[in-house]
Each structure stands twice: as C-alpha cells, then as structure tokens.
Amino acid sequence: QVQLVESGGGLVQAGGSLRLACAASGSIVEIIHMGWYRQGAGKQRESVATITSGGYANYADSVKGRFTISREGAKKTVYLQMNSLKPEDTAVYYCYARVEYTAPWDRTGVSDYWGQGTQVTVSS
C-alpha cells in the first residue's frame, strides 16, 4: 500500500552536484524516518543519510559536509542534495522509508519500504 518513487540520478563530473528526490505515497499514517542508501558495483548496500520525523539527520562519514538530507512533510518527500561529488560516490541510490500504514478493516502496521533505485555516476 506504500510506494516510493525516486528521481534525480544521472551522470556528473567530479565536483558537480545532483539532487535526488523520493516521494512516498499510499495509505500512510506516519513516516517514522526516511533515508538514502547506496550500493556500488560489487559492494553491499550502505547507509548514506537518514532523517527522522523529528528532523534528526544522520550521515555516513564519507559524505558529511557534502550531502544534505531534507524532508518535506506535506508531500512526504525526502531529498538528498549531493555536492562536491567524487567518483567513489558512484552507486545505485535507494530511497528507504519506515512507515506506519493503514490497512483494511481499520488496522495499522509498521513496515520498511524501498524504492527501485536510481543510478548516480561520477566521472573523473
């Protein structure tokens, strides 16, 4: 009942910028927290940045000072502003959300959802 739609990926030269967006939709009561993960070629998926419903943000050490995560509550959208991009930032970036959702027969639950991923490629 919940979907995450990502946008903003692409190819950029080192030192450039990209802005990723992820919009959540569906039978949502509350998005507890949202974030971005990435997976480079031959690597495991890793956390990049997360933000709670209260606005607390957490960043991987490798992106601190370069990436900024923000959240727009009304449209249930999370953004990742990526500046000073490096070749090592190349990966598929996935949107993530932990959601309290409404279900049939006036029930609710909590579950994790993932977007399909968007490719970010940074050239030297």
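1. Ground rules. Numbering starts from 1 along each chain as its sequence is written, and side-chain values use heavy atoms, with hydrogens and water left out. As the model is predicted, local features need pLDDT of at least 70 and side-chain atom pairs count only at pLDDT 80 or more, while totals for chains, interfaces and linings use all residues.

2. Arg-66. Look in the loop between strand 6 (57-59) and strand 7 (67-72); strands here are DSSP E runs of at least two residues, numbered from the N terminus. Arg-66 is buried at 11% relative accessible area (buried is under 20%, exposed over 50%, partly exposed in between, with a 1.4 Å probe and protein chains only). Its side chain comes to 2.8 Å from the backbone oxygen of Ser-62. Beyond neighbours within four places in sequence, Arg-66 has contacts (heavy atoms within 4.5 Å) that include Met-82, Ser-84 and Asp-89.

3. Ser-84. This Arg-66 contact sits in the loop between strand 8 (77-82) and strand 9 (91-103). Ser-84 has a positive phi of about 50° without being a glycine. Most residues other than glycine have a negative phi. At 42% relative accessibility, Ser-84 is partly exposed.

4. Asp-106. Here is another non-glycine with a positive phi, about 60°. Asp-106 is in the loop between strand 9 and strand 10 (107-114), and is exposed at 79%.

5. Strand 1 (residues 2-7). Val-2, Leu-4 and Glu-6 make up the covered face, with Gln-3, Val-5 and Ser-7 on the uncovered one. Strand 1 runs antiparallel to strand 3 (residues 18-26), joined by six bridges (pairing takes at least two DSSP bridges). Ser-7 has Ala-21 as its bridge partner in strand 3.

Notes: Helix = DSSP H or I, 4+ residues; strand = E, 2+ residues; numbered from the N terminus. Polar contact = N/O pair within 3.5 Å; in protein donor to acceptor, adjacent residues only side chain to side chain.
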